Every structure is written in structure tokens, then in C-alpha cells.
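The sequence and the model are shown first.

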Amino acid sequence: MFKNLSTEGIGVSGRQSEIIELALSFGFKGIDLDLIDFQQQVKAHGLPHSRRLLDSARLKIGTFRLPLIWDDSDETYQQSVRELPELLQLATDVGAKRAVTTIAPANDARPYHENFEFHRRRLAEIGGLLAPAGMRLGIEFVAPPAARKDRAFQFIHTFDAVVTLVNMIRAPNIGAVIDPWQIHAAGSSLDDVRKLSADRIVAAYLSDAPPDADPAALTEGDRLLPGETGKIDSAALLTTLAEIGFDGPISPRAHRDRLAGMRREQIVKLAGERVDQAWKAAGLSPAGKLVTAKK
């Protein structure tokens with residue numbers, strides 16, 4: 001496992017050079033890639049110029065958001081598929097092998113079982129598109145009830161349901177993103193992570209939650225940096241992931257409103273320190289291997 005900086009996850013932004021400098025300054029071993037932004041850089045300046053800082057920094061690429069409109073009409077989906085090869089080639093060029101996408105927890109078009117089959121089929125097809133490049137896709141889910149309010153049909157909003165979907169997809173490169181905040185908001189246990197093998201876990205996040213809030217009443221604004229209250233045991237999650245054999249990116253995440261008033265450097269520094277604290281408490285080596293018993 002490696003400590004990964006996701007600017008999306010902590011609500012910071014900047015030029016590629018600035019993000020790389022922040023990652024290096026505060027001990028991150030990887031960064032997420034904005035693939036669409038990188039594509040624009042390549043079109044404007046060429047690939048060698050656009051990738052030179054990534055190469056010199058020797059940072060790993062954590063994840064990139066799947067640049068594919070896959071949960072819409074067949075026409076929209078097929079148009080997006082036609083645009084995919086160029087983007088996947090760019091991702092391959094810089095060593096990006098882990099994509100992520102989010103499943104909508106409700107909709108107005110398809111009832112649950114019909115929607116489940118739609119997702120199973122589409123995601124299996126996407127797995128086939130990514131496989132030749134050696135890429136994997138991680139599925140994120142959204143637990144808070146507010147995200148399902150006033151929609152005609154409920155859909156996947158628990159970790160167990162994600163596990164079921166992943167297990168029903170034949171493509172072995174389709175897996176899940178482990179998000180302990182969403183698991184907590186769904187009323188589940190972090191032990192449920194053991195229901196997936198390491199090859200079905202694509203990425204993992206670290207967050208915390210308010211100590212006394214009803215999980216079912218949480219909103220995204222209640223997502224805190226790991227170690228803020230201890231309601232979510234980040235060290236225990238890291239220990240579990242190490243025991244399973246997960247070797248991917250670990251990214252701190254918090255809602256930007258919870259970090260209001262802090263400068264970008266302060267946010268990244270604090271996020272990095274919180275991951276380091278959980279890492280140490282879990283008894284992990286710098287390479288993310290379990291070397292001591294958790295105390």
C-alpha cells in the first residue's frame with residue numbers, strides 16, 4: 001500500500017507542478033491523475049513535456065476517474081466508448097492502472113433488478129475495454145439517504161450490495177473502492193471489507209465521522225479527515241487491508257467545508273500527518289506491509 005494524494009478527496013487544486021511539490025513535501029508516494037486535464041496538456045504541449053514532472057518526481061499514479069459516460073443511453077455510451085482509446089493510451093503512458101467510478105444510489109428510469117442487470121452488463125463490458133491495457137476499475141457507492149431522496153427507484157447504497165454486484169461481474173478487473181465513511185454511513189462494519197479479496201479492491205480512502213451523529217443522518221458535509229474523532233478506526237482498516245494483501249493507494253478524504261480557513265499547504269500537511277498516524281498505529285512498514293502487531 002502507499003500513501004496517495006487525491007486533490008479531489010480533500011478539495012484542493014493547483015497546477016500539476018504545485019500538486020507534485022505538495023505530494024513530495026508531505027510524504028505522499030502517489031497522486032491521482034486528472035486524465036482529462038492531462039489530455040489537454042498533451043494536446044497543447046506534447047506528451048514528453050506534459051509528463052516530465054511526473055517522471056522526475058517518481059510518484060506513483062494512484063487512480064484516475066473513469067472518463068466514460070457509461071450509465072446513460074446506448075447512443076451516449078457508444079460515443080463515449082469511441083473516445084476512450086486515446087484517453088486510455090495516455091493513462092498507460094504514465095503508468096495509471098486504476099480507474100474509479102461512482103454508482104448512483106437512485107434513479108428515475110429503472111427499477112432495482114433491471115438497473116442491477118444494466119450495471120452488471122455495462123460494467124462487464126467496461127472491464128473488457130480496460131483489460132487489454134492491464135487496467136482495473138473500482139466502484140464507489142453513495143450511502144446517505146439524502147442522495148436518494150425524491151427519486152423513483154432506489155439502487156445500490158450499501159457495501160454488501162457493491163460486493164454482490166462485483167461478484168456477479170465476470171470481468172476480474174472490476175472491483176470496489178473501500179470507503180470507510182460510506183461503509184459507516186450505511187450502518188455496516190469495516191470487517192465487511194474481508195468479503196473481498198485483494199484483487200477485487202482497487203483503492204481505499206481514509207476518513208472519519210462525527211462521534212455522536214446517527215450514521216443514517218450523515219451527509220457528505222460530515223466527512224472528516226481520518227483521526228479527527230476516532231469514530232472510524234482508520235488503523236484497523238489499514239491492518240485489515242494489509243492482512244488481505246491489498247497493495248494499492250490509500251487516500252485521505254474530507255469535505256472541503258470541514259477544512260475551511262486553511263491554506264492548501266496546511267490541508268495537505270494535516271491530511272498527510274493523519275495518514276501517517278494511522279499507518280503507525282496499524283503497525284505498517286513504509287511499503288504498507290504489516291510488520292508489528294497492532295496495539
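Strand E6 (residues 136–140) is joined to E8 by three bridges, and the two strands run parallel. The model is a predicted one. Within this pair, Leu137 lies opposite Ile174 of E8, and Ile139 lies opposite Ala176 of E8. Strand E8 spans residues 174–178 and is mostly covered, with five of its five residues buried. E8 is also joined to strand E9 (residues 201–206), again through three bridges and in the parallel sense. There, Ile178 has Ala204 in E9 as its bridge partner.

**The barrel**

These strands belong to a closed barrel of eight strands with parallel pairing, in the order E1-E2-E3-E4-E6-E8-E9-E10. From one strand to the next, the twist averages 30 degrees.

Gly30 has Lys60 in E3 as its bridge partner. E3 in turn pairs with strand E4 (residues 98–102) in the parallel sense, over two bridges, and Phe64 stands opposite Ala99 of E4.

**Helix packing**

Two packed helices are described by the angle between their axes and the distance between the axes. Two such pairs are described here.

Helix H5 (residues 74–93) packs with helix H6 (residues 112–130) at an angle of about 20 degrees, and their axes are 11 Å apart. H5 and H6 are therefore roughly parallel to each other, and their crossing is right-handed. On the H5 side the contact is made by Asp74, Tyr77, Val81, Leu84 and Leu88, which meet Arg122, Glu125, Ile126, Leu129 and Leu130 of H6. Sorted by type, the residues of this contact between H5 and H6 are seven nonpolar, no polar and three charged. H6 also lies across E6 and E8, where it runs at about 145 degrees to E6.

The second pair is formed by helix H2 (residues 16–25) and helix H4 (residues 47–57), whose axes come within 10 Å and cross at roughly 5 degrees. H2 and H4 are therefore roughly parallel to each other as well. Gln16, Ser17, Ile20 and Leu24 of H2 meet Ser50, Leu53, Leu54 and Ala57 of H4. The residues of the contact of H2 with H4 divide into five nonpolar, three polar and no charged.

**Residues in loops**

Which loop holds Arg253, and is the residue buried or exposed? Arg253 sits between strand E10 (249–252) and helix H10 (264–281). Its relative accessibility is 12%, and the cut-off for buried is under 20%, so Arg253 counts as buried. Leaving out residues up to four places away in sequence, Arg253 touches Ser6, Glu8, Gly9, Ile10, Tyr205, Leu206, Ser207, Arg223, Leu224, Leu225 and Pro226.

Asp247 lies in the loop that connects helix H9 (234–244) with E10. Asp247 and Met1 are 246 residues apart in sequence, but their C-alpha atoms are 4.1 Å apart in space. Beyond its neighbours within four places in sequence, Asp247 is in contact with Met1, Phe2 and Arg98. Asp247 has a relative accessibility of 44% and therefore counts as partly exposed.

Two loop residues other than glycine have a positive phi. For Arg58, in the loop between H4 and E3, phi is near 55 degrees. For Asp150, in the loop between E6 and strand E7 (153–154), phi is near 65 degrees. Arg58, at 75% relative accessibility, counts as exposed, and Asp150, at 70%, counts as exposed too.

| Residue | Relative accessibility | Class |
|---|---|---|
| Arg253 | 12% | buried |
| Asp247 | 44% | partly exposed |
| Arg58 | 75% | exposed |
| Asp150 | 70% | exposed |

Technical notes: Residues numbered from 1 in each chain as written. Predicted model: local features only at pLDDT ≥ 70, side-chain atom pairs only at ≥ 80, totals over all residues. Heavy atoms only, no water. Axes fitted to C-alpha atoms, helices over the stretch in contact; angles between N-to-C directions. Helix = DSSP H or I, 4+ residues; strand = E, 2+ residues; numbered from the N terminus. Parallel < 35°, antiparallel > 145°, perpendicular 65-115°, else oblique. Left-handed = near helix turned anticlockwise from the far one by under 90°. Contact = heavy atoms within 4.5 Å. Nonpolar A, V, L, I, M, F, W, Y, C, P; charged D, E, K, R; others polar. Buried < 20%, exposed > 50% of the residue type's maximum accessible area, 1.4 Å probe, protein only. Pairing = 2+ DSSP bridges.
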